[in-house]
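Here is a short report on a predicted model. It covers strand pairing, a helix contact and the surroundings of a ligand.

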Amino acid sequence: MTTIIKNGTIVTADRTYKADVKVENGVIAEIGQNLSGGEELDATGCYVMPGGIDPHVHLEMPFMGTYSSDDFESGTRAALAGGTTMVVDFCLPNPEQSLLEALQRWDNKSTRANCDYSFHMAITWWGEQVFNEMEDITKRGINTFKHFMAYKGALMVNDDEMFASFRRCAELGALPLVHAENGDVVADLQAKLLAEGNDGPEGHAYSRPPQVEGEATNRAIMIADMAGVPVYIVHTSCEDAHEAIRRARMAGKRVYGEPLIQHLTLDESEYFDKDWDHAARRVMSPPFRNKQHQDSLWNGLSSGSLSVVATDHCAFTTEQKRNGVGDFTQIPNGTGGLEDRMPMLWTHGVNTGRLTMNEFVAVTSTNIAKILNVYPRKGAILEGADADIVVWDPYKEKTISADSQQSAIDYNVFEGKHVKGLPRFTLTRGKVAVHDGEVRTEEGHGQFVERPPNNPVNTALSTWKELTAPRKIERTGIPASGV
Ligand code: URP
Ligand code: ZN
Ligand code: ZN
Ligand code: ZN
């Protein structure tokens with residue numbers, strides 16, 4: 001099966017040039033001029049880029065007494081429709097549950113995926129079994145472990161558990177991920193707001209001010225530094241967290257920050273909407289922030305202090321959101337975004353001049369492929385790489401609407417937003433899943449992508465930590481003991 005992408009301009013994280021791309025058996029077989037011999041896809045006027053990688057999604061996630069409503073089928077269909085060709089979901093063991101047993105459940109759910117996928121393993125409790133199984137998990141091709149500093153009484157881990165797990169990650173050459181919000185402070189603020197009768201969705205935002213995120217981000221970074229391991233901060237939403245990341249990077253620490261497309265383009269005024277449903281549909285953690293925080297995130301992307309744009313796609317229907325009528329702490333936390341991440345980032349990033357096209361590719365695909373240790377199989381337009389490709393039409397426009405989306409839920413947080421820049425074709429390992437805007441996905445086509453440990457950054461950091469580790473001083477004169 002041969003496909004030729006003709007007459008396009010290839011855009012990667014570091015180059016822009018005109019060439020055709022030949023795809024054979026799911027991989028990029030050749031890049032060159034005037035290629036022929038197969039089904040042709042006309043890319044005239046388009047940019048041929050690595051398909052997007054969304055490293056932060058929750059498909060069919062068991063959470064807050066329900067399940068998120070997009071599963072691996074609808075979620076990956078939405079991804080492909082928007083130019084994303086790989087997603088990474090979070091495997092969440094129950095308290096005391098074996099990590100391997102939890103992974104089996106995620107393996108079963110993911111068989112329906114339309115595009116390639118991988119998992120992060122969450123550390124939701126701590127003990128000898130978890131310590132031991134972390135090694136088995138890395139051998140299964142998972143090199144990232146997620147830690148929730150929030151969701152007290154549910155997913156949250158304490159500092160001692162986090163430090164132990166981070167040290168284990170260092171030993172295994174794995175990367176810890178952190179949801180950085182101070183869960184103790186959030187729980188207290190929630191109780192106080194409810195006691196004062198502040199029970200609407202805006203209470204969610206009031207209970208999670210930027211300080212809870214800034215403090216936790218800084219704490220996670222310092223704990224990672226003491227454990228001698230790089231750290232990746234998910235859904236960085238505010239200047240307070242970004243500042244901690246920036247400062248750490250300037251001090252030579254290996255820290256990555258991941259803003260979401262929602263935080264870049266939607267603000268806190270959504271929670272003050274008079275319509276309860278409107279506000280509740282936008283409840284997620286961390287909450288949307290004000291314009292100053294948004295500017296900080298955009299600046300982080302263009303300066304390189306923030307590395308990746310994700311979605312944290314975790315879609316709940318209006319019905320599910322209504323679990324929290326009368327008590328905002330019961331509104332399931334999460335919003336959608338998989339289909340809209342690339343068009344929204346292009347429209348508000350590239351079309352405004354805040355990002356170059358190459359920076360767009362870096363933050364939607366290449367950077368995370370390197371961080372997750374799957375580059376250049378993913379995140380690249382290179383001979384031998386998987387043919388996960390988006391042919392991007394910078395003139396194609398639409399108005400985002402729930403009526404035409406792939407996601408299973410009944411609304412879209414970007415409803416009414418106009419985007420310019422959309423996929424003409426999306427290829428997942430060579431299979432054309434979007435053809436001139438028509439979605440032709442194939443359930444079960446997606447495969448699990450193994451991600452080996454010992455990323456070059458882990459190795460470099462352990463070398464440095466080894467060299468600078470505390471050492472006993474061998475003394476020549478030791479005085480007699482005083483006793
Ligand atoms: O509100 C959110 N972000 N829901 C998904 C779970 C998480 O914290 O990432
Ligand atoms: Zn989170
Ligand atoms: Zn998440
Ligand atoms: Zn297939």
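Two strands pair if DSSP finds at least two bridges between them. Helices (H or I, at least four residues) and strands (E, at least two) are DSSP runs, numbered from the N terminus. Residues are numbered from 1 along each chain as its sequence is written, while chains are lettered from A and ligands numbered from 1 in the order in which they are written. Because this is a predicted model, local features need pLDDT of at least 70, side-chain atom pairs count only at pLDDT 80 or more, and totals for chains, interfaces and linings use all residues.

**Strand pairs**

| Pair | Sense | Bridges | Facing residues |
|---|---|---|---|
| β17 (389-399) and β18 | antiparallel | eight | E397 and K420 |
| β18 and β19 (431-435) | antiparallel | four | L427 and V432 |
| β1 (2-6) and β4 (20-24) | antiparallel | four | I4 and K22 |

**Around β18**

Nine of the eleven residues of β18 (residues 418-428) are buried, so the rest of the structure largely encloses this strand. A residue is buried if 20 or more other C-beta atoms, placed from the backbone, lie within 10 Å of its own. β18 also forms a hairpin with β19, with two residues between them. In that turn, R429 has a positive phi of about 40 degrees.

**The sheet with β1**

β1 and β4 belong to an open sheet of four strands. Its order is β5-β4-β1-β6, and the pairing is mixed. β5 (27-32) and β6 (39-42) are the edge strands, each pairing on one side only. Neighbouring strands here are turned by 20 degrees against each other on average, direction ignored.

**Helices α2 and α3**

α2 (residues 99-109) packs on α3 (residues 128-139) at an angle of about 45 degrees, with the axes 9 Å apart. Axes are lines fitted to C-alpha atoms, for helices over the stretch in contact, and angles run from 0 to 180 degrees between N-to-C directions. That makes α2 oblique to α3. Angles under 35 degrees count as roughly parallel, over 145 as roughly antiparallel, 65 to 115 as roughly perpendicular and the rest as oblique. From α2, L99, L100 and L103 meet V130, E133, D136 and I137 of α3. Contact means C-beta atoms, placed from the backbone, within 7 Å.

**Ligand 1**

Which residues surround ligand 1? They are H58, H179, M284, S285, D312, C314, N333 and G334. Each has its C-beta atom, placed from the backbone, within 6 Å of the ligand.

Terms used
A residue is buried if 20 or more other C-beta atoms lie within 10 Å of its own, exposed if 12 or fewer, and partly exposed in between; C-beta atoms are placed from the backbone. Two residues are in contact if their C-beta atoms, placed from the backbone, lie within 7 Å.
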